[in-house]
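Biologist: I would like to learn how to read a model like this one. Please take me through some features.

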Amino acid sequence: MKGGQEEIPTDLDPVTRVGHSLFGLLTCERMPGSVRDGSAVGRFHSVTTSNGHAVPEKEATSKEDRREGACCSWLPKVFPCCYRQQISSYDINSEEDSKENDTPITGPEVPPPHTTDKELEEISFTVRSLDLLSSKTGQNRKEHHTDQYYSSELIIRRGQTFQMELDLSRPFNVNTDKLHLELKTGSMPLVSKGTHVIIPLVEELQDLCWEAKIVEQNSNRIKLSVNSPPKAIIGQYKLTIVTQSPESESVTTYDPSKSIYMLLNPWCEEDSVYMDDEVEKKEYVLNDTGRIYYGTERQIGARTWNFGQFDEGILEACLYILEKSDVLPTGRGDPVNVARVISAMINSPDDRGVLVGNWSGNYVGGTPPTAWSGSVEILKRYHREGGVPVKYGQCWVFSGITTTVLRCLGIPARSVTNFQSAHDTDVSLMTDVYFDENMEPINYLNSDSVWNFHVWNDCWMVRPDLPPGMGGWQAVDSTPQETSQGTFRCGPASIAAIRSGQVYMRYDTPFVFAEVNSDKIYWQRNLDGTFSQIHSEKNVVGRCISTKAVGSDQRSDITHLYKHPEGSEEERIAVETACSYGSKPDVYSSPVAEDVSVEVKVGEEGPCMGEDAVLKIVVKNKSDQARNTTLHSQVAVMYYTGVLKETVKTEKVPVELMANEEKVIDWVLPYHSYENHLVDQAALMLTLSGRVCETKQVLASQTSFRLRTPDINIEPLGEAYVGKEASAKLTFTNPLPCTLRNVVVRVEGLGLRNLHPINVGDVVRHATVTVTEHFIPSLAGTRKLVASLDCKQLTQVHGVVDIIVHDSQ
């Protein structure tokens, strides 16, 4: 015996010698003054978990008993030979031994061996491995349209579910085990800011929130379906998985050191960048090459540009640009803000952005702008060199890079060329040319200019910050020309606002309006130093606005999106409306009176779906003299988000008013004009404009309205009691003069029943359908039974009724 330990015979085989040593550690006399902290006990009580927090002790007085009992529970399985020889001399349950052996065990720590003992497995519930299913050919990348990205990481789009597989230390018990996911983005993730996301396990996935559901379980492996909200912050997320078993008060965190990249989602209807046309999404999001136009309006040239948004390292470079900007991660969920940040970060004068502009003709120390043929090398170099601006670029290079970054992040985008593009420097919304008394140009005043061509970008998004009708294509310009709120950037500016002259809509709408639709005004200095207008040109700015056509390499002229036909009354009204908000509002003749009003009146319930829509236009003359005007009306189908889809009717109505006369004009939109054009919510926008001949007063009005759809009538049948079957009758009438195909009625009610689709089938014109729904209430009180119609031809049809549920008899 040495030091209280029995000597081990030297003639034993190695395994038996190790067994004797381990057993001796359990039975040895503990040495006074020896120290053994809780972290040395491996996975027993007081073990330090992976997040650095010790598992709390439940019974401090029996700590050593449990430690020794746990050790001895696996010792005989590993070394049965020596355990059989010694078992009679050591009773692990002896109170006397427990009291005598009060001092800590000395000697080396005993590592717990691998075991399948059920008791130990119940103590440990952890994640062994994780598969994010990030293969380019897998379900996640295919369904999220990210399979073209070079990266092997998981790249997903917000507002859409994705899957992952977990390998656990033992089968998951849904009743007792706890598991949730955590995602973190940014340098200081906070739950309150949405940059630290906690994703719970739920039984059923709901839309518009973070959540996860187990969809498959096979022994120790589970497959999760994870949902993200359509307004989630985009960027790079770090994933951790937190588990806890009922036997332990501690939690275990699994950190796979894998990233998840979240992008905007043009395929998600709830996302602000949603675009419904699949062919357009293929062009404006997934096409990695394009055409950029240059030259003059009479000699238009084209060059191919490699956007390369899916190339190796480009996604990382684009996210680096966002990180390098001054926008906080919380601002990366709004595409309006993202586009504005990108327009600032692509140029370099004030924030050391991607590209240095150079129009001098001297490109020493850099690459001439005409030498670039794509965005990839520029973005890679900027990222590789830690944010050093790349030399050099001009407008088409700025635009090409902007297209790359926006498409890479998930915002539909295109490069747009404007020929005869004006540059307004004094917010007059005109292109001013000054002459002195002798008709010599005054060069220091002639800061406005007209470029042969200028290239910027359109990007597609909803504009919740603007009135309805302002969504859709937005102009963004990354070329550093003028500052906006102290920074060289421009947009996003609503093209619908630009077209109508509503330059008070943000952002930078006056500047873009002047680029495409300003008049060239000539001024001469008077002897007293003032200036008088001597000439104007109204058709020289904003010509042949061009972009690559969808699905081909042809040029598409989109001038009509930016302005009304040159010289038309609508175009003149837009110009004069815009200039009234500029620095020279009195250039155009002001009306001598504003005594005519126009108003659109919609009935209390509005026009009905399936019928001609009839509105009333009220024109009133408040003067004592006759007034004459021509009202231009245009009605367009509109998404509920405010994005206009297409015009379905235009009309001109001459109006003659006697003194103090009020006229009511019935405006009619026939059913056949809109029947094949409606979108969800069945909303339309009626725009009126005109000019009073006698006073030059401008008349303008915009009215949005929707076509009223029928309700589903729900009638309870009898009394309802908890636990007993109840019924309700649902009735619906087809309002359209055509057959509705594949109609489904979806019924649900909290405390009444889960979602239940009822397949009705086809419903012929003007037919009435009645179905009976049976359900078993689970909660007493007043409950709502809700029904909605699922039909491609008819939307926004629903019904609701209160069901009074009594306690069971």
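Biologist: In which sense do strand 2 and strand 10 pair, and over how many bridges?

Modeller: Some ground rules come before that. This is a predicted model: local features need pLDDT of at least 70, side-chain atom pairs count only at pLDDT 80 or more, and totals for chains, interfaces and linings use all residues. Residues are numbered from 1 along each chain as its sequence is written, and side-chain values use heavy atoms, with hydrogens and water left out. Helices (H or I, at least four residues) and strands (E, at least two) are DSSP runs, numbered from the N terminus. Two strands pair if DSSP finds at least two bridges between them. Here, strand 2 and strand 10 (residues 259–263) run parallel, over 4 bridges. I156 stands opposite M262 in strand 10.

Biologist: Which residues of strand 2 are buried on each side?

Modeller: In a regular strand, side chains alternate between the two faces of the sheet. Buried means under 20% relative accessible area, exposed over 50%, partly exposed in between (1.4 Å probe, protein chains only). In strand 2, L154 and I156 are buried on one side, I155 and R157 on the other. Both faces are covered.

Biologist: Where does H144 lie, and what does H144 touch?

Modeller: Contact means heavy atoms within 4.5 Å. H144 is in the loop between helix 6 (139–143) and strand 2 (154–157). Leaving out residues up to four places away in sequence, H144 touches I155, I156, R157, Q160, T161 and F162. H144 is buried, at a relative accessible area of 0%.

Biologist: How many aromatic pairs does the structure hold?

Modeller: Rings of Phe, Tyr and Trp (its six-membered ring) pair if their centres lie within 6.5 Å; planes under 30 degrees apart count as stacked, over 60 as edge-to-face and the rest as tilted. The structure holds 18 such pairs. One of them, W359 with F398, is stacked: 6.4 Å centre to centre, 15° between the planes. That pair links distant parts of the chain, 39 residues apart. W359 is partly exposed at 42%, while F398 is buried at 0%. W396 and F453 form a tilted pair, at 6.2 Å and 35°. W396 lies in helix 11 and F453 in strand 17 (residues 449–461), so this pair ties together parts 57 residues apart in sequence. Ring pairs also link Y294, W396, F419 and F453 into a cluster.

Biologist: What lies over the face of W473?

Modeller: A charge sits over a ring if NZ of Lys or CZ of Arg is within 6 Å of the ring centre and within 35 degrees of the ring normal. R414 lies over W473, at 3.9 Å from the ring centre. The charged end of K136 sits over the Y150 ring, 4.9 Å from its centre.
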